[in-house]
Amino acid sequence: MRTLEDDWFLQARLKLRHFQLFLALDEQRNLHRAAAQLGISQPAASKLLGDVESQLGVKLFDRHPRGLDPNWYGEVMVRHAQAMLSDLHNTGKELNALLAGSAGKVAIGTVMAPAVTLLASAIERVHRTHPRLKISVEVDVSKRLVPRLLEGELDFAITRIPAGFSTDPFVFEEIGEEEICFVCREGHPLSGAEPLTLAAMAAYPWALQPQGALMRQRVDALFLYNAIDPPAQVVDTTDILVALALIDRSDTITATTRQVADLLCAPARFRILPFHQRLSVQPFGLVSLRRRRPSPGAATLMTMVRELVAHQRQQGLL
């Protein structure tokens with residue numbers, strides 16, 4: 001079976017236009033529309049695609065009467081084209097930031113718990129010495145953060161590597177678990193219950209992350225292992241603000257991380273339910289791409305995160 005040489009892309013004479021065509025074909029699934037999107041003729045687009053397929057010795061897109069679809073080989077090319085073009089776009093933004101006198105830009109993805117503790121502290125400290133560094137933070141679940149990291153939309157993430165993703169592209173530096181707790185409004189009928197039972201909690205409405213989310217799986221498993229029917233009324237939401245609005249206006253209960261609950265429950269508007277069984281999900285960590293060098297701003301922020309993690313471990317906080 002033929003394999004590609006290390007410099008196969010030079011032999012195939014790949015150009016930026018080829019990668020733009022791969023993305024246009026993936027989006028349009030039609031050669032004529034893809035060519036129009038790029039502002040070239042259909043014969044020119046056909047020749048660009050044909051030249052690459054001829055050099056590789058494989059078809060990248062399967063043709064059919066309605067258009068074409070990427071096959072397994074094409075999916076690989078499309079995925080890497082997305083990452084490469086995203087890198088070039090980010091290069092321009094970073095160069096513009098430096099030309100404008102800024103220290104650059106950093107895009108971070110994170111799951112909920114480190115967003116309100118570890119990452120917030122790291123950002124505050126980095127801004128003391130790099131006040132013009134522009135930082136954007138996306139809070140989401142791991143299965144949506146990791147693809148964005150792969151596509152080059154994020155510089156690094158504080159997250160988990162979900163099942164189904166190969167670990168090969170990543171560097172994973174474990175930080176710690178997320179402890180889960182249950183939150184209700186102040187004055188909820190269960191807020192002072194002792195002992196608090198899972199069966200009593202199940203009788204009330206809940207706001208939880210959607211099916212498939214790691215925290216939801218852990219809460220569902222809690223009811224299953226204790227042979228208790230799960231709550232009959234559940235609102236699915238990934239947004240903690242929506243969950244808080246629901247518990248603020250009703251007897252709804254939500255599940256969130258201990259760090260988030262400690263932050264939100266301080267004003268005495270909400271209360272952590274006194275549920276004594278410890279519950280947590282698998283550890284999260286600092287995740288970066290193995291073969292991508294971080295920007296100076298991203299490297300600075302990652303170093304600060306590592307220093308804070310080391311300090312918290314010394315203090316017994318992790």
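Me: How much space lies in the largest pocket?
Reply: This is a predicted model, in which local features need pLDDT of at least 70 and side-chain atom pairs count only at pLDDT 80 or more, while totals for chains, interfaces and linings use all residues. Residues are numbered from 1 along each chain as its sequence is written, and side-chain values use heavy atoms, with hydrogens and water left out. A pocket is, on a 1 Å grid over the protein atoms alone, an open set of points with protein on both sides within 12 Å along at least five of seven lines, and its volume is the space filled by probe spheres set on points joined across faces, edges and corners. For the largest pocket this space is about 1,200 Å³.

Me: Which element gives the most to the lining of the largest pocket?
Reply: Lining residues have an atom within 4 Å of a point, and the largest pocket has 32 of them, with Trp-8, Val-76, Arg-79, His-80 and Arg-291 nearest its centre. Helices are DSSP runs of H or I with at least four residues, and strands are runs of E with at least two, numbered from the N terminus. At least two lining residues come from each of α1 (8-11) and α5 (72-99), and the most, ten residues, come from α5.

Me: What is the volume of the largest cavity?
Reply: A cavity is a set of points where a 1.4 Å probe fits but cannot get out. The count comes to one cavity of 30 Å³ or more, and the volume of the largest cavity is about 120 Å³.

Me: Which strand gives the most to the lining of the largest cavity?
Reply: Among the 13 residues that line the largest cavity, Gln-209, Thr-238, Ile-240, Ala-255 and Thr-256 are the closest to its centre. Two or more lining residues come from each of β7 (206-208), α11 (240-249) and β9 (253-257). The most, three residues, come from β9.
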